[in-house]
Amino acid sequence: MRTSQFHLVTRKETPQDAEIISHQLMIRAGLIRKLGAGLYTWSPLGFRVLRKVEHIIRQEMDASGALEMLMPAVQPKELWQETGRIEDFGGQLLAMTDRAGRDYFFGPTHEEVITEFVRDEITSYKQLPINFYQIQTKFRDEIRPRFGVMRSREFIMKDAYSFHLSVESLDDTYRLMEQTYSNILTHMGLHFRCVLADSGAIGGSGSQEFHVLADSGEDAIMYSDTGDYAANIEKCEAVSLIAERAAPQQALKQVATPNQKTIDQVAEFLGIQQQQMVKTLLVDGVDGPVALVVRGDHQLSEVKAAHLPEVATPLRFLDEKEVQKLTGCDVGSIGVKDLNCPIIVDLTVAHMSDFVCGANQDNHHLTGVNWQRDADFQQQADIREAQAGDPSPDGQGVLKQARGIEVGHIFQLGDKYSKAMNAVVLNDKGQAQALQMGCYGMGVSRLVAAAIEQNHDDNGIIWPTALAPFQVAILPMNYQKSTQVKKAADELHQQLSDAGIEVILDDRKVRPGFMLSDFELLGIPHQVIIGDRSLDEGHVEYRYREKMDKQKVERAKIHDFLCQQISS
């Protein structure tokens, strides 16, 4: 490929709305162009990368035995009414009506569509297990689309759905997909972690996320420094940091804390550590308000709290008027003594003694508070966010924290959709049985951005070899003026093309400095610089984009040298 035959348009300026590096570099390198809020056109250059991602995904999914298909992007509203999921997705659903007045959604996901297909196509247990997948455009009407293709409204996704007669069979395919996703990301040359996750609006029981590690990642993930345990911070188990509750040593005492509203302020005012305090948060419960209590230096996990059966859905904190009505004090003075509602405490809080809490009286706190003697709780549960340095839940070392970009999510759905949509088969006893189901999603377009977030420097993109739009860039100095440079560049271009290597030759009339900086921005892994001086000395200059080191290679050996570098 020659630049004169290709569409290559780069930019020096960074768009003002590009907040993260992948968005900035994808615009500057000309991979994408914005059409509207959360809508992007992929240029020929960007599309080459996108196709690389799709190819690797197809290779590994096919190797797992999954069967590729294609479902409609537009889905009848009636399917979503069968499962009752319209409220779960809410405003993210893009609704439309055809000329006959029929209602449709542009598909954000395809659980309903594939279940409708399977309930008509699969009738016997002998056809199971089976796993279907597709690579297709989705649409979710994000309230605030941002970060380029990382969180766009229209995006490309690989979604797979497996069907089984038994939970054991589902688990087998789930583990196979876990390995397949690991293979995909390894094949792409990306550093990642597979973590325990919350199922969210998709539903079901077990789920795991796959995160490409990057400092800019939106998600915090926790992992053991010596073991295999890893989880999204929302799902990470937070063990008790206190083995046993000590016997009370202090008398209960009420102290004035004028104008001290926060944990920080009260701890400083009393001259104590935050871990000697507890904070009480009031939320809506199924049968009235519920108090959730965590240690002063800990954060409540809203995801964990929302899963408590005693807590109303969706999770909602009481406002100031409701707090005043229940406790007689403002939010900063809520405590656990004589609190007129059920109390659920975190595992660490359950083992605390002689702690400090609000007095349920404005500008006052209690010190020397002890369970059973001064207050009681109805339940203890893991309701806090884990922190770096906590013991790992698997007993192997301590937890560390990293940032990750979620690029894949796998779920064990069970019979959530099959029961709702009457997807049944006849088992070996001739009885109708609801199918067990799994689903497995991977963000195709998001993977491109995630790869850039993980692989870049101040000069531009550093593509992993498997994802690069071209493997080799030939950069001739004065190509339009020097006969020997043009001849050498053309010959190498032909040799590499004949060898099946994806190569681009820059034959533009541009300054050498502009050409070199352009290809640093584009991130082509292997770059060959050809100039009159080096040719006179019998060599060309090779540059590996990741390390930016240069070395001289004999002109006659450059073809074999490049083939060796690419295959290594």
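1. Let's start with a cysteine: cysteine 563 has a relative accessibility of 25% and therefore counts as partly exposed. On this scale, buried means under 20% relative accessible area, exposed means over 50%, and partly exposed lies in between, with a 1.4 Å probe and protein chains only. Cysteine 236, by contrast, is buried, with a relative accessible area of 0%.

2. A word on the background before going further. This is a predicted model, in which local features need pLDDT of at least 70, side-chain atom pairs count only at pLDDT 80 or more, and totals for chains, interfaces and linings use all residues. Residues are numbered from 1 along each chain as its sequence is written, and side-chain values use heavy atoms, with hydrogens and water left out.

3. How many disulfides does the structure hold? There are zero, where a disulfide is a pair of cysteine sulfur atoms within 2.5 Å. For cysteine 236, the closest cysteine sulfur belongs to cysteine 194 and is 14 Å away, so the two are too far apart for a bond.

4. Now the overall picture. The chain has 568 residues, and 52% of them count as buried. Its C-alpha atoms fill a box of roughly 95 × 70 × 50 Å along the principal axes. You will find 16 helices and 30 strands in the chain; these are DSSP runs numbered from the N terminus, with helices being H or I of at least four residues and strands being E of at least two.

5. Helix α12 (residues 444–454) is worth a look, because eleven of its eleven residues are buried and the helix is largely enclosed by the rest of the structure. Among the buried residues are Arg446 and Glu453, along with Val444, Leu447 and Ile452.

6. Two strands pair if DSSP finds at least two bridges between them. Glycine 36 has leucine 39 of β2 as its bridge partner. The hairpin has two residues between the strands, and glycine 38 takes a positive phi near 70° there.

7. Another piece to find is an open sheet of three strands, ordered β13-β18-β17 with antiparallel pairing. At its edges stand β13 (253–256) and β17 (355–358), each with a single partner strand, so one side of each lacks a neighbour in the sheet. Three bridges link β17 to β18 (residues 364–369) in the antiparallel sense, and phenylalanine 355 has valine 369 in β18 as its bridge partner.

8. Where does threonine 465 lie? It sits in the loop between β25 (460–461) and β26 (472–476). Its relative accessibility is 32%, so threonine 465 counts as partly exposed. Threonine 465 and alanine 402 are 63 residues apart in sequence, and their C-alpha atoms are 25 Å apart in space.
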